[in-house]
Amino acid sequence: MSRPKVRERLRYWFDNTMSRGTVALIGWLALISLGLILLVSLLSLWLTPKEAARNSGLPGMLWVSLMRALSPGKVASDTGSTLFVALMFIASMGGLFIVSALVGVLANGLKTKFEQLREGRSRIIENGHIVILGWSEQVFTIITELVQAHASDRGSVITVLADRDKSRMEDEIRRHVVNLGRTKLVCRTGRPTEPADLGLMNLDAARSVVVLSPQCEDPDAHVIKTLLALAKRAGDHPPVVA
């Protein structure tokens, strides 16, 4: 087999870097910005020494180039030789592209983060909470009983993990359980039989765990798989009711 070419290796490395998310994209934009500012500053020192000297040499040109990159409108007030104005114009156009790309990357990153929060994939940070694994019609009765039992507790928390949409679970619970009182309700989307999803529930600090029997053809098998997943996990094991 032929070895990959250098161009293919570089492209593969670049693709892997870009796939790391928003932080990697911001890093690339920062590196491109630094290269643009340094290139324009050095060209100004070389090709337009008079204007460079007027701007305090390399440090001043770095600052001027940075301002042109961040605020393209400043290029309208530039004076000097045609070559100097052209270099500042290049810095402004490059900065316009970089700033536009940065805004797009940040907007996309925030949108992705909001979608993750809406999907309920962040880890719960609670202590002494009650964890309900699974979903069935029994969940409303159980939550109602738990709310009434902990009506006098100010910091009681009930968490639910099920393979359903987080917002839909919360809406259905609030529709069936009219008054949650002082109890805080937290829902997360995931499969109770998956150890990675169980990790979202902070089971080490939980008070107890309730495993629900789902409405499917073989609910007992699902409950057994959930219990096995709970037994295999490392850390503290709170009491479990199935």
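Modeller: We shall discuss a strand and its neighbours, then a pair of helices, then a loop residue. This is a predicted model, in which local features need pLDDT of at least 70 and side-chain atom pairs count only at pLDDT 80 or more, while totals for chains, interfaces and linings use all residues. Residues are numbered from 1 along each chain as its sequence is written, and side-chain values use heavy atoms, with hydrogens and water left out.

Colleague: Is strand β2 mostly covered or uncovered?

Modeller: Strand β2, residues 157-162, is mostly covered, with six of its six residues buried. Buried means under 20% relative accessible area, exposed over 50%, and partly exposed in between, using a 1.4 Å probe and protein chains only. Helices (H or I, at least four residues) and strands (E, at least two) are DSSP runs, numbered from the N terminus.

Colleague: Which residues lie on each side of β2?

Modeller: V157, T159 and L161 are on one side, and I158, V160 and A162 are on the other; all are buried.

Colleague: How many bridges join β1 to β2?

Modeller: Four bridges join β1 (residues 130-133) to β2, and the two run parallel. Two strands pair if DSSP finds at least two bridges between them. I132 stands opposite V160 in β2. The chain passes from β1 through helix α6 (residues 138-149) to β2, a right-handed β-α-β crossover. Right-handed here means that, with the strands pointing away from the viewer, the path from the first strand over the helix to the second runs clockwise.

Colleague: And what about β2 and β3?

Modeller: Six bridges join β2 to β3 (residues 184-189), and these strands run parallel. V160 stands opposite C187 in β3. From β2 the chain crosses through helix α7 (residues 166-176) to β3, and this β-α-β crossover is right-handed.

Colleague: Turning to helices, which residues of α4 are buried?

Modeller: In α4, G60, M61, V64, S65, R68 and A69 are buried.

Colleague: At what angle do the axes of α2 and α4 cross?

Modeller: The axes of α2 (residues 22-47) and α4 come within 9 Å and cross at roughly 130°. Axes are lines fitted to C-alpha atoms, for helices over the stretch in contact, and angles run from 0 to 180 degrees between N-to-C directions.

Colleague: Lastly, where does N202 lie?

Modeller: N202 lies in the loop between α8 (195-198) and β4 (208-211). N202 has a positive phi of about 50° although it is not a glycine. At 10% relative accessibility, N202 counts as buried.
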